[in-house]
Amino acid sequence: MSAINIRGVNKTYDGKTAALKDITLEVEEGEVFGLVGPDGAGKSSLFNILTTLLLPDGGEISLFGMDVIRDYKSVRQVIGYLPGTFSLYPDLSVQENLDFFAVMYKSSIEENMALIEPIWKQISPFKDRKAGKLSGGMKQKLALCCALIHRPRVLFLDEPTTGVDPVSRKEFWDILKSIRSQNITVMVSTPYMDEATRCDRIALIQNGKIIGVNPPQTIIDQFKGKLYTFQSDDIFSLMQVLEKCPLDCNYYPYGEHCHIAFYEDMDTAMPAFKQFLAEHNQSHGEIQAIQPSVEDCFIEIVQRNN
Amino acid sequence: MYSIEANQLTKQFGDFTAVDHICFEVREGEIFGFLGANGAGKTTAIKMMSGLLLPTSGTAMIAGYDIRTQSKLIKRNIGYMSQKFSLYGDLTVFENMQLFGTIYKIPRKELKERIMDSLRELDMEKQANTLVDSIPLGWKQKLAFATAILHRPKIVFLDEPTSGVDPIVRREFWKLIYLAASKGVTILVTTHYMDEAEYCNRISIMAEGQIKLIGTPGELKQQMGVDTINDVFVKFVKR
């Protein structure tokens, strides 16, 4: 049985801004499903509809066969939601927040301790601290505990690691992996492409439409360009030079490297490119062909789709 | 001349030392990455350097002014933006820029010209009369940056400016940073995207209120014997 079934969902704000256009998606039980797209693509609108907080204009959505509109009360019992903005009580302590959520769901911390234990171990040293005084990473770990305390069947996470440092981000995702093994379905959005790579499948959403649903490796396999990398001492002056490059290519900084994807026959394009760099006095490291990452794929798909 | 000179800068809250005797300098026109784990003390340090919070001890010179005694002059010479607060959602794009420009006492006619120039640079002329709440996050962040430099500050403090921003818009944002730096503006920026750390001229890594590492991205990778800044960070924080 699929955990989430979305058929032809639309949402328009103020009668004119179309946030979601004919969204159709199916998420399997136990899957970690990633939702990735540019800012303003409609990700948060979709989360709000799935969590019964916003009514769609049309279409059907069911969670484990329950309709999110008609059966919203039962749907709320089986979902956990971590919204994009911190929404715990800053004036309550860590322990009090968790107690509060447990009571609201008629559950108790003891009942589901096994589920949250790996996270709780990390935050319990601060259990008497007010939630508003926690660091960004700790806040999100507490929010995850609160979203899990009633053992939901589906967990919705809207950018759970935004503003969280690299080490805490990795810990957060290790926790998600352990949740997955408990057969809880996870739907998560993220602006970090390394995190998207850790999902079972990724839906790419742009301008309110789904433009593809695939496992990360398939997305990588479908990269259309021929991707190369090279280093430069001054990436941004290199970018300015590349603006004048006559070849059909897409270039962008990638950490200390420049990535460039060509849509040409490389037998003629590469010598032409090297000549172009030489003519513009660009010193550079060795130009190497590389495998694209999900981030390269995101850039290609979004830019080619525009 | 240095734009930023922190000298034993310290902040204590009760018996908790948030910033612990930090010393560093940032050159004029430099892009300086101010990294650290959540809770390491970065935001507290930025608040002191922007004249919003007095240090417990030590000091910093910002654009040549002392944060303990000349905070008014500092505020006039710096720009600031963060992920959390930047613009008013229920004002239009133009109104926001007008508001900030007026606070900085830019003459009316001059201000209008600067706003139009800036919107042209951002390719947002058509959005001038749109409410800020209804534009996507990445655009908001680019707009917030343009607004923060409207009064032509010498130094801009950017606290997680690209947090939550998608890969394409992040790169556009960094193009704006580079453009500003090429005009001599000094940039101090915090980020949790380690690829962005590579775009900085120099970076520092803070932990427990102290600056533990400082140097160019290349130097830090060499020093720690790893290939990426992400590995430097992980190795360092987990040590």
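This is a predicted model: local features need pLDDT of at least 70, side-chain atom pairs count only at pLDDT 80 or more; totals for chains, interfaces and linings use all residues.

I count two residues as in contact if their C-beta atoms, placed from the backbone, lie within 7 Å.

Entry one, the chain contact. How many residues does each chain put in? I get 29 residues from chain B and 28 residues from chain A. Next I looked up which helices of chain B show up on the side that touches chain A: α5 (137-148), α6 (167-182), α7 (194-197) and α9 (229-238) each supply at least two residues. Sorting that side of chain B by class, I find 14 nonpolar, 9 polar and 6 charged residues.

Entry two, a helix pair in chain B. I took helix α3 (residues 93-103) and helix α4 (residues 108-122), whose axes come within 10 Å and cross at roughly 135 degrees. Angles over 145 count as roughly antiparallel and 65 to 115 as roughly perpendicular, so I log α3(B) as oblique to α4(B). The crossing of α3(B) past α4(B) is right-handed. Which residues make the contact? From α3(B) I list Phe94(B), Met97(B), Gln98(B) and Gly101(B), and from α4(B) Leu111(B), Arg114(B), Ile115(B) and Ser118(B). By class, the residues of this contact come out as 4 nonpolar, 3 polar and 1 charged.

Helix α5 (residues 136-148) of chain A has 13 residues, and I get 19 Å from its first C-alpha to its last, close to the 18 Å expected at 1.5 Å a residue. Is α5(A) buried or exposed? I find 13 of its 13 residues buried, so α5(A) is largely enclosed by the rest of the structure.

Terms used: Residues are numbered from 1 along each chain as its sequence is written. Chains are lettered from A and ligands numbered from 1 in the order in which they are written. Helices (H or I, at least four residues) and strands (E, at least two) are DSSP runs, numbered from the N terminus. Ala, Val, Leu, Ile, Met, Phe, Trp, Tyr, Cys and Pro count as nonpolar, Asp, Glu, Lys and Arg as charged, and the others, Gly among them, as polar. Axes are lines fitted to C-alpha atoms, for helices over the stretch in contact, and angles run from 0 to 180 degrees between N-to-C directions. Angles under 35 degrees count as roughly parallel, over 145 as roughly antiparallel, 65 to 115 as roughly perpendicular and the rest as oblique. A crossing is left-handed if the near helix is turned anticlockwise from the far one by less than a right angle, and right-handed if clockwise. The expected span of a helix is 1.5 Å times one less than its number of residues. A residue is buried if 20 or more other C-beta atoms lie within 10 Å of its own, exposed if 12 or fewer, and partly exposed in between; C-beta atoms are placed from the backbone.
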